[in-house]
Amino acid sequence: MTWPATERYALEPAPGGLAFVQDLLNTSPAGRPRHADWLDDPATARTWLSEALAQWSTATGRPAPAVDLADRDCEALRDLRWALRRLLSDQGDGAEAVSAQVLAALPTLSVSMQVDEHGTVVAEPSGTGWRKVASLVLIECFQAQQTDQWRRLKVCRNERCDCAFYDRSRNNSGVWHDVRVCGNAANLRAYRARKREQAASGE
């Protein structure tokens, strides 16, 4: 089994449970040609969530939380996805602070702290429906921040692509999910734009 949304864009998943956050982001209609939005249809959303939670369990070695996703939960998950995407984009643009709009869209949720059979303190998601999914997402975001992995989860700067990828470059300098595909295309567009400006100015 693989991460379903990330696999459809042929991307390498982020390590551990952070890949669940990446997979949520990649339920978006991204790539060329555009893939479907897996959170638009409740049945498709449930299928994605079931597969992604099973993969999360495999990646973390922990039991997958049971989530009963109602039809109305899809809109809330899309809002969460948008806020996470904006959060990553703001950080990638070097913003000093997260915008109030993004902060307002990110929910305040509860988690349950427990000690597992190995004596390790673990955070368990709380709530029901989309709130439980969001709780798990924020737990993984928090843990990734503690291990300095969060800054490596990015959204491709090519707006025509928009895939979420994990930057494995040594200096964390990647901005394209694939420099040969999106980087070259963006550089070509920038070159053509400069040539048009030069032609218009008579240079």
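**Ground rules.** I began with burial: a residue is buried under 20% relative accessible area, exposed over 50% and partly exposed in between, with a 1.4 Å probe and protein chains only as cover. This is a predicted model, in which local features need pLDDT of at least 70, side-chain atom pairs count only at pLDDT 80 or more, and totals for chains, interfaces and linings use all residues. Residues are numbered from 1 along each chain as its sequence is written, and side-chain values use heavy atoms, with hydrogens and water left out.

**Confidence.** I checked pLDDT, the predictor's confidence in each residue from 0 to 100. The chain averages 87, and 85% of the residues score at least 70. For elements I took DSSP runs numbered from the N terminus: helices are H or I with at least four residues, strands are E with at least two. Confidence is highest in α2, at 98, and lowest in helix α7 (residues 179-201), at a mean of 57. Where pLDDT is low, the predicted coordinates should not be read in detail.

**Layout.** I counted seven helices and four strands. Along the sequence they follow the pattern α-α-α-α-α-β-β-α-β-β-α. Of the 203 residues in the chain, 42% are buried. I took contact as heavy atoms within 4.5 Å. Among contacts with a separation of 6 or more, 52% join residues 24 or more positions apart. By the Shrake-Rupley method with a 1.4 Å probe, the chain exposes about 11,300 Å², and carbon and sulfur atoms supply 49% of that.

**Core.** Which residues touch the most other members of the largest nonpolar core? A nonpolar core here is a set of buried Ala, Val, Leu, Ile, Met, Phe, Trp, Tyr and Cys residues joined through side-chain atoms within 4.5 Å. The largest has 40 residues, and F20, W48, L84, V137 and W150 touch the most other members. At least two residues of this core come from each of α2 (18-25), α3 (42-60), α4 (73-92), α6 (129-146), β3 (153-155) and β4 (164-166). The biggest share is from α4, with eight residues. I then followed L84: leaving aside neighbours within four places in sequence, L84 contacts V21, L24, L25, L106, V137 and C141. Another core, of eight residues, lies apart from the largest one, with Y9, A30, C161 and C182 among its members.

**Helix α3.** The helix has 19 residues and reaches 26 Å from its first C-alpha to its last, close to the 27 Å expected at 1.5 Å a residue; the expected span is 1.5 Å times one less than the number of residues. Its buried residues are P42, A45, W48, L49, A52, L53, Q55 and W56. They cover an arc of only 165° around the axis, which puts them on the same side of α3. I took the arc from the directions from the helix axis to the C-beta atoms. An α-helix has 3.6 residues a turn, so residues three or four places apart point the same way. After α3 comes G61, with a positive phi near 70°.

**L69.** I found L69 in the loop between α3 and α4. At 4% relative accessibility, L69 counts as buried. Beyond residues up to four places away in sequence, L69 touches A45, R46, L49, L77, G129 and W130. Its C-alpha is 8.0 Å from that of P42, 27 residues apart along the chain.

**Helix α6.** I noted 18 residues and a reach of 27 Å from first C-alpha to last, close to the 26 Å expected. The buried residues of α6 include W130, V137, E140 and C141.

**Positive phi.** Most residues other than glycine have a negative phi. A10 has a positive one of about 55°; A10 sits in the loop between α1 (4-7) and α2 and is exposed, at 70%. D162, in the loop between β3 and β4, has phi near 70° and is partly exposed, at 22%. Just after α6, D148 takes a positive phi of about 65°.
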